[in-house]
Amino acid sequence: MKILVQKFGGTSVATPEVREQVVGQIAKAKEQGYSVVVVVSAMGRTGDPYATDTLIGLLRSIGREVPPQELDLIMSCGELISAAVLTQTLNVNGHEATAFTGARAGIITDDNFGSARILRVEPQKVIEALQKGKIAVVAGFQGRTEDWEVTTLGRGGSDTTATALGAALKAELVEIYTDVDGIMTADPRLVPDAKSLRVITYQEVLEMAHLGAKVIHPRAVEIAMSERIPVKIKSTFLDGPGTLISDESTPQRGLEEAGRPVTGIAYVDGVAQIKVRTQEDFNHGLGLEVFQAMADANISVDLINVSPELISFIVAESLAEKAGMALEKLPVEVEVNPGFAKISAVGVGMRGVPGVMAKVVEALTEADIHIAQTTDSHTSISCLVRHEDLARATQALHSKFGLGQ
Ligand code: ADP
Ligand code: MG
């Protein structure tokens, strides 16, 4: 059996018109002789009637804090609706299909509600459906615990459902259909002349995803990478070439992409910078207490700079107040500054190449953008900038590294 997994994001299943296009893509794969597993997200985005946020609002409007189990239960409904609707659409169009909850598809997770991790996949029932010649339409973003409680996999979790099923079924390819034609050199919403990449390595896209490029979820890339399943990101609406994610690096790359230090620009918006000061030296144990306080409050920190008298780091803006409170009991002075964004230049080609940081600083300085903090790895350089400078900063880096059309 030649298996293809096709995942369709929220905008790709939002209306009857676009669902017709989805049916077309699935039919094309069937014609090519594939057994097709389809993974769907909830319909539409914030504000749409069956979008995940709308469903959460339904419970929150009743009052009190919603327990994580019930929150996951309602959050899983959007994908169930999509799966049922698409299955019916396929059947009506003469393509025999059957819908699966995450649980029935065999997605078994831990009980970390809200961002559960897949422990294993038992896809027996999916295989049986495929053997009967049916299209298996699986509700993305969800699974079940050992105890049969419904869990969700966190934002972007349908991507993870798709690659996890792809790995478990030894699929030939996983296709992620979305509203852009592949992985681009930057978010096209911020950079109008961003360009779609033909080929990218797992490593590079993983780095971009971790640094905020939300076109694919990092966990999904990790799973595909560990099982060596090729992934293609494509547009549901345009007939473009899309981006192939695989191990192949330079030989297959377009000439213009090879040997370039920076492949793309990614960002995380909505972060707060926290500055912690002391008269004594942080090296005498107080530094440890600062990070322990964050860990105890379950707040993840990033972009950490430590000097003897000043520690600065960033947290999600939504957790800024909680972070400030968690530090109150320590003998330190705390400053919480919301309204920042982290912007990163990413590229495996920058390893060992001198002058990349200088170029980043040059680009941002020329655009008159204040850099609040920086950090770097072998394959990325990140800067903290004000939220209102984000679009200009992204454009400045994008053109400094020659990534445009
Ligand atoms: P879906 O609902 O299909 O999963 P997402 O909204 O999760 O779609 O991801 C697609 C969006 O990701 C695009 O509309 C685009 O704005 C954004 N995006 C951010 N960075 C990139 C990038 N480097 N390449 C392509 N898209 C990106
Ligand atoms: Mg997504």
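This is a predicted model: local features need pLDDT of at least 70, side-chain atom pairs count only at pLDDT 80 or more; totals for chains, interfaces and linings use all residues.
**The ligand site and its surroundings**

In the case of Asp187, an N or O atom of the side chain is 2.7 Å from an oxygen atom of ligand 1. Arg189 likewise places a polar side-chain atom 2.7 Å from a ligand oxygen. For Lys7, the separation between a side-chain N or O atom and an oxygen atom of ligand 1 is 3.1 Å. Ligand 1 would expose 570 Å² if taken alone, and the protein buries 91% of that area.

Attention may now turn to the aromatic side chains. Two aromatic pairs are found when the whole structure is searched. One of them joins Phe8 and Tyr177: the ring centres are 4.8 Å apart and the planes meet at 15 degrees, under the 30-degree limit, so the pair counts as stacked. Because Phe8 belongs to strand β1 (residues 3-8) and Tyr177 to strand β9 (residues 173-178), this pair ties together parts that are 169 residues apart in sequence.

Across the protein chain the mean pLDDT is 93, with 97% of the residues at 70 or more. Residues 250-256 have pLDDT under 50 throughout. For this segment, the model has nine contacts beyond four places in sequence.

Notes: Residues are numbered from 1 along each chain as its sequence is written. Chains are lettered from A and ligands numbered from 1 in the order in which they are written. Side-chain values use heavy atoms; hydrogens and water are left out. A polar contact is a pair of N or O atoms within 3.5 Å; within protein, one must be able to donate a hydrogen and the other to accept it, and residues adjacent in sequence count only if both atoms are side-chain atoms. Accessible areas come from the Shrake-Rupley method with a 1.4 Å probe; for residues, only the protein chains shown count as cover. pLDDT is the predictor's confidence in each residue, from 0 to 100. Contact means heavy atoms within 4.5 Å. Rings of Phe, Tyr and Trp (its six-membered ring) pair if their centres lie within 6.5 Å; planes under 30 degrees apart count as stacked, over 60 as edge-to-face and the rest as tilted. Helices (H or I, at least four residues) and strands (E, at least two) are DSSP runs, numbered from the N terminus.
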